[in-house]
Amino acid sequence: MTDVLMPRLSDTMEEGVLSVWRKHEGDVVHRGDVLAEIDTDKATMELEAYDEGVLARTLIEEGASVPIGTPIAVITPGGPVPDGTSEAPAPAPVAAPQPPPETVPEPPRPAPTRPPAPPPSAGLTASPLARRLAREHGVDLAAVQGSGPGGRIVRADIDAAVARTPPSAPPPSAPEPAAPPAALGADAEEVPLSRIRRLTAQRLTASAAQAPHFYLTRTVDVDALLAFRAQINNGLAEGGARVSLNDLVVKASAHALAAHPEVNSSWAGTRLLRHRRVNIGVAVALEDGLIVPVIHDADRKSITQISGEARDLAHRARTGRLSLEEITGGTFTVSNLGMYGIDQFTAVINPPEAAILAVGAAAAAPTVREGQLAVAAIMTLTLAIDHRVLDGAAGARFLADLVALLEHPLRILL
Amino acid sequence: MSMMTYRQALHDTLRAELLRDEDVLLIGEEIGVFEGSYKITAGLLAEFGPRRVRDTPICEEGFVGVAIGAAMLGLRPVVEIMTINFSLLAIDQIVNNAAKVRSLSNGQLRVPLVIRTPGGGRQQLSATHSQNLEAWYAHVPGLKVLAPATPADAKGLLTAAIRDDDPVVVVENLGLYNTKGEVPDGEHAVAIGTAAVARPGADVTVIAYSRSTLLALDAAARLQDEGISVEVVDLRSLRPLDREAVCASVRKTSRAVVLEDDWLSYGIGAEIAATIQEGAFGHLDAPVRRVAAAEVPLPYAKGLELAAMPDGAALARAILDTLDATGFTA
């Protein structure tokens, strides 16, 4: 008998939501079969079986969120566990024509598993009720002052913390308010929500509600950058892959982030994390939502490497074949709508990252060069920053360096 | 409904069952001519005769064994053991025969036996005559153990016990015999294995049974004046135990205090605390508190005896401590 545990599917994951059971009690399970879909803090992942046998019991209901390491199902090698619900033959009872002496049924015994471990929070004591309520309301226990004996956190403390939280921050799993019934009918039809769409909505709502965004905008003269790109592409083999403007923006951003670690950071509830690796997410629009595959260690990759990887990731994002590693661990995101002719826009930060860069189209526009009016290709960059992590001046310095790199692209190679 | 004492409710139930079913008979010391040590069987010998109401010598193991044999052959004996302290003399019959005959005979034999027996302290009967030994019997699979707290439940549970086809120990409490309450007229049976919410409340659950239920209700009424809403759960049935009712109440109030007249260690209260831990852990805002008797042979001296047993003040302290520990303010 093997316990299936809630896996750690991303670096920052502490809990996972079991969104759908793809196998059910009594189903035969082969190694590699998808048992369930797990919503992590980043994406929806498929949980594969590592064992052969029968899914004897599922311990978690769909929609429930449990800490990593919590048993969520039991796989037995042969048939189901003795009191399982499937049709496997029960061991022949030694002739028992009468029910057992105790005719009033005892309540069901607890499942033979370890109870879920409380979330790891060193040095914290909280009542079981307080822990449960904190989880339901998304309250960070570490940020709560306990009023019980020895500083134990009790329900009253959680209630107070919830009351202090602005109502704009809904609990992660709170049901969306129902649409007013008038919206339905002849004038509208309801479109079923995909998980990606739901997750995108949840995460961006949380980001917009919780991260205090501010925006810095610069225009960039990209004549030199376009020439640089032409040079690179001319040098590449005929018919081979072409480097895009966005690839150069990603590479320049990586370069600038390496020089500005304060931007390469994220907000972790009550702590500020400064990342040692520069992993740049590239937002990709899907039919039914957004996904942000990540180019890891972009500061240490060549432009053609980044270009090839970005193309491959975007293609596989659209066909739904990204691996977990490829969508986790991002420390900064680039979102580019230039190819749709958008001159300038602002983007919502991809939590828990500290900033996102919105890239507009490079288009001919009047500009001033050495005191003279000239026509040049101009591109507008808008950096959205989480004010909890960074202040305006720090953001401005980063953006200035990024602009300088893009206007003098040879420096990207340094 | 009629207002009557717990004693009267037991008497009337025995009489009604003797009238209803010819197989029912009463067996015990002094239950006939002397009409019972506590007068539960008053008038029954005169009405039903010595074939149905059997006086016995002082020989607990013997007459319990006889009753088990009679039950195996199809009668429905109701044994009175004068106090639960004397049931120790019959414990081999109760635990090794009454509880096990059905299993050992592979269900071919049933033991529709009832053992009624009073216990409890506060009567100045000293150490060997003041015990609450119900946990001993509640521990044994094959026995059912009931502990009614009110005259209505005395009738309802004794009726259910007599009609049950398996051995049932009905634990009475000497301190309850003279308590009064409304009792339903006519047929009234309470399902074995169901607890009752004796008083609904919102802030804390007190789980009690038998006489301690009255203590809990009294404390709850007094705490109500301080703005504290106490829910009292009366177990009524110690085995089978209504675990769901206990957990449902604790899930509602998130705080639990267990009260029993018995000693603390290894008792009913320990079982309840474990039940709550298994069934309502995530709803607990404070550890489960237990209030029980001091772990001593009960003293004879009245002041010492009362000091050794739980009272309303001890219960109220435990309730207030539990509330304080969770930042509750009335």
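## Strand pairing in chain B

Two strands count as paired if DSSP finds at least two bridges between them. In this predicted model, β2(B) and β3(B) meet that condition, because they pair over 3 bridges, in the parallel sense. On the β3(B) side, V53(B) is the bridge partner of L26(B).

Both strands belong to an open sheet of 7 strands in chain B, with the order β3-β2-β4-β5-β7-β6-β12 and mixed pairing. β3 (53-55) and β12 (237-239) of chain B are the edge strands, each pairing on one side only. From one strand to the next, the twist averages 20°. Helix α7 (residues 151-163) of chain B packs on this sheet and touches β2, β4 (76-80), β5 (114-119), β6 (144-146) and β7 of chain B. The direction of the helix makes about 145° with that of β5(B).

## Helix α6 of chain A

In chain A, helix α6 spans residues 303-318, which is 16 residues. The distance from its first C-alpha to its last is 23 Å, close to the 22 Å expected at 1.5 Å a residue. Just after the helix, G320(A) takes a positive phi of about 70°.

Which residues of α6(A) are buried? They are I303(A), I306(A), S307(A), A310(A), L313(A), A314(A), R316(A) and A317(A). The cover over these buried residues includes two helices, α4 (223-235) and α5 (245-259) of chain A. It also includes the strands β13 (284-286), β14 (289-291) and β15 (294-295) of chain A.

## Aromatic pairs

Over all chains, a search of the whole structure finds 3 aromatic pairs. One of them is formed by F332(A) and F398(A), in an edge-to-face arrangement with 5.8 Å centre to centre and 65° between the planes. The pair links distant parts of the chain, 66 residues apart: F332(A) is in strand β16 (residues 332-336) and F398(A) in helix α7 (residues 392-407) of chain A. F332(A) is buried, with a relative accessible area of 0%, and F398(A) also counts as buried at 0%.

Y38(B) and Y177(B) form a tilted pair, with 5.5 Å centre to centre and 40° between the planes. Y38(B) lies in the loop between β2 (24-28) and α2 (44-48) of chain B, and Y177(B) in the loop between β7 (168-173) and β8 (180-183) of chain B, so the pair ties together parts 139 residues apart in sequence. Y38(B) is partly exposed, with a relative accessible area of 21%, because burial requires a value under 20%. Y177(B), at 2%, counts as buried. Ring pairs also bring in Y6(B), giving a cluster of Y6(B), Y38(B) and Y177(B).

## A charge over a ring

In chain B, the charged end of K39(B) sits over the ring of F34(B). The distance from the ring centre is 4.0 Å.

S254(B) is placed in the loop between α9 (243-253) and β13 (256-263) of chain B. Is S254(B) buried or exposed? S254(B) is buried, with a relative accessible area of 1%.

Leaving aside neighbours within four places in sequence, S254(B) is in contact with residues of chain A and chain B. From chain A these are L129(A) and R155(A). From chain B they are H283(B), L284(B), D285(B) and A286(B).

Terms used: Residues numbered from 1 in each chain as written. Chains lettered and ligands numbered in written order. Predicted model: local features only at pLDDT ≥ 70, side-chain atom pairs only at ≥ 80, totals over all residues. Heavy atoms only, no water. Helix = DSSP H or I, 4+ residues; strand = E, 2+ residues; numbered from the N terminus. Expected span 1.5 Å × (residues − 1). Buried < 20%, exposed > 50% of the residue type's maximum accessible area, 1.4 Å probe, protein only. Contact = heavy atoms within 4.5 Å. Phe/Tyr/Trp six-rings, centres within 6.5 Å; stacked < 30°, edge-to-face > 60°. Lys NZ or Arg CZ within 6 Å of the ring centre and 35° of its normal. Axes fitted to C-alpha atoms, helices over the stretch in contact; angles between N-to-C directions.
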